[in-house]
Amino acid sequence: MTGPRPVLVVGASGYVGSRVVQGLAADGRAVLAAARRPVPDADGVLPVRYDTVTDLPDAVRAACGRAGAPLPGAVVASIGGWHKGAALLDDDPERWTATLASHLTAHLDAARALVPLLRPGDPYVVLNGSASREAMAGSGVISVTGAGLAMLVQVLRLEAEQRPSAAVRFHELVIDHAVAGDDRNEDPAQTRTPAQVVHALGEVLDQPGAPAVVHV
Ligand SMILES: NC(=O)c1ccc[n+]([C@@H]2O[C@H](COP(=O)([O-])OP(=O)(O)OC[C@H]3O[C@@H](n4cnc5c(N)ncnc54)[C@H](OP(=O)(O)O)[C@@H]3O)[C@@H](O)[C@H]2O)c1
C-alpha cells in the first residue's frame with residue numbers, strides 16, 4: 001500500500017461533508033468519502049458506500065484494498081444537519097427519537113467503528129453547529145443533540161487520554177454560522193464559506209497540539 005494515509009469523511013453526501021471532501025481533495029489530500037447515499041466522483045476522492053455503521057470498517061478496508069491505498073490516518077465526522085419546525089412540546093415525538101439516533105448516537109457508533117482503524121495520535125474531528133451552544137426555538141432537538149455531541153466528544157477525548165497507548169485525538173470543530181449557500185438556513189446573520197471550514201479543519205488535522213474545541 002502506497003501513498004499518504006487518506007482522510008475519511010463520514011457524512012460525505014451532506015451539504016457540509018461534500019464540500020469538505022472537495023476542499024480537502026483540492027488541497028491535495030487523499031480523501032475517502034463515506035456515505036450511505038452516492039457521492040459524486042472527484043479527483044483524489046475514493047467513495048466508500050455503506051448501509052449501516054457496522055459495515056463501515058469493512059467497506060473502508062475494501063475500498064482501500066481495491067485502490068491500493070493505505071487505511072485512513074484521520075476521520076472527519078460530518079453527520080447530522082439542520083431542522084427547523086415545531087416547538088419541542090408540539091413536535092412529533094418520533095422526530096425526537098429519530099434525531100437522537102441520527103445526530104448523537106450515530107456519532108458514537110461511528111467512533112466505535114472507526115477508531116480501531118486509526119493509529120495513536122491520529123485525529124478524529126467531529127463537526128458541530130451553533131445550535132449546540134445557543135438554544136434555538138423550533139430547532140430544540142438540534143440544540144439538545146448538539147449540546148450532547150459536544151459533551152460526547154469531551155468524554156471520548158478524556159477517555160482516550162487515559163489510555164495513551166491507543167489514543168487517537170478527538171476534536172470538535174464548531175461551525176458558528178450557516179455555511180454559505182445552504183438554503184435551509186433562512187436569512188443567516190453571518191455565514192462561513194466552505195473554504196473557511198476546510199481551512200480550519202486542515203489546521204486541526206495537521207496540528208497534534210490543536211485545541212480540543214475549535215470554532216470557525
Ligand atoms: N449546513 C450548515 O449550514 C451548517 C452550519 C453549521 C454547522 N453545520 C454542521 O455540519 C455538520 C453536517 O451538517 P450538514 O448541513 O452537512 O447536514 P446534511 O446535509 O443533512 O448531511 C448530513 C449527513 O449525515 C449523514 N447521516 C445522517 N444520519 C446518519 C446516520 N444515522 N448515520 C450516519 N450518517 C448519517 C447523511 O449521509 P448519508 O445518509 O448519505 O449516510 C448526510 O449526508 C453538522 O454537524 C452540522 O451541525 C452545518
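Me: Before we start, what should I know about the model and the numbering?

Reply: This is a predicted model, in which local features need pLDDT of at least 70 and side-chain atom pairs count only at pLDDT 80 or more, while totals for chains, interfaces and linings use all residues. Residues are numbered from 1 along each chain as its sequence is written, and side-chain values use heavy atoms, with hydrogens and water left out.

Me: How many residues surround the ligand, and which are the closest?

Reply: A residue is near a molecule if one of its heavy atoms lies within 4 Å of it. Here 24 residues surround the ligand, and S13, V16, R37, V179 and D182 are the closest. By class, the shell holds 10 nonpolar, 10 polar and four charged residues. In this scheme Ala, Val, Leu, Ile, Met, Phe, Trp, Tyr, Cys and Pro are nonpolar, Asp, Glu, Lys and Arg are charged, and the others, Gly among them, are polar.

Me: Which polar atoms of the protein lie by the ligand's oxygen atoms?

Reply: A polar contact is a pair of N or O atoms within 3.5 Å; within protein, one must be able to donate a hydrogen and the other to accept it, and residues adjacent in sequence count only if both atoms are side-chain atoms. R37 places a polar side-chain atom 2.6 Å from a ligand oxygen. The backbone takes part too: a polar backbone atom of L127 is 2.9 Å from an oxygen atom of the ligand, and a backbone N or O atom of G129 is 3.4 Å from one. Taken alone the ligand exposes 880 Å², of which the protein buries 86% (areas by the Shrake-Rupley method with a 1.4 Å probe; for residues, only the protein chains shown count as cover).

Me: Which elements supply the shell around the ligand?

Reply: Helices (H or I, at least four residues) and strands (E, at least two) are DSSP runs, numbered from the N terminus. Those giving two or more residues to the shell are α1 (15-26), α3 (93-114), β5 (123-129) and β7 (178-179). The largest share, three residues, comes from β5.

Me: Is α1 mostly buried or exposed?

Reply: Buried means under 20% relative accessible area, exposed over 50%, and partly exposed in between (1.4 Å probe, protein chains only). Nine of the 12 residues of α1 are buried, so this helix is largely enclosed by the rest of the structure. Among them are Y15, V16, G17 and S18. After α1 comes G28, with a positive phi near 95°.

Me: What is the span of helix α4?

Reply: The expected span of a helix is 1.5 Å times one less than its number of residues. For the 22 residues of α4 (residues 140-161) that gives 32 Å, and the end C-alpha atoms are 32 Å apart, which agrees. Its buried residues pack against α3, β5 and β6 (169-175).

Me: Where is E172, and what does its side chain meet?

Reply: E172 sits in strand β6. It counts as buried because its relative accessibility is 2%. Its side chain makes a polar contact with the side chain of N128 (2.9 Å).

Me: And where does R29 lie?

Reply: R29 is in the loop between α1 and β2 (31-35). At 21% relative accessibility, R29 counts as partly exposed. Its side chain makes a polar contact with the side chain of D206 (2.9 Å).

How values were computed. Contact means heavy atoms within 4.5 Å.
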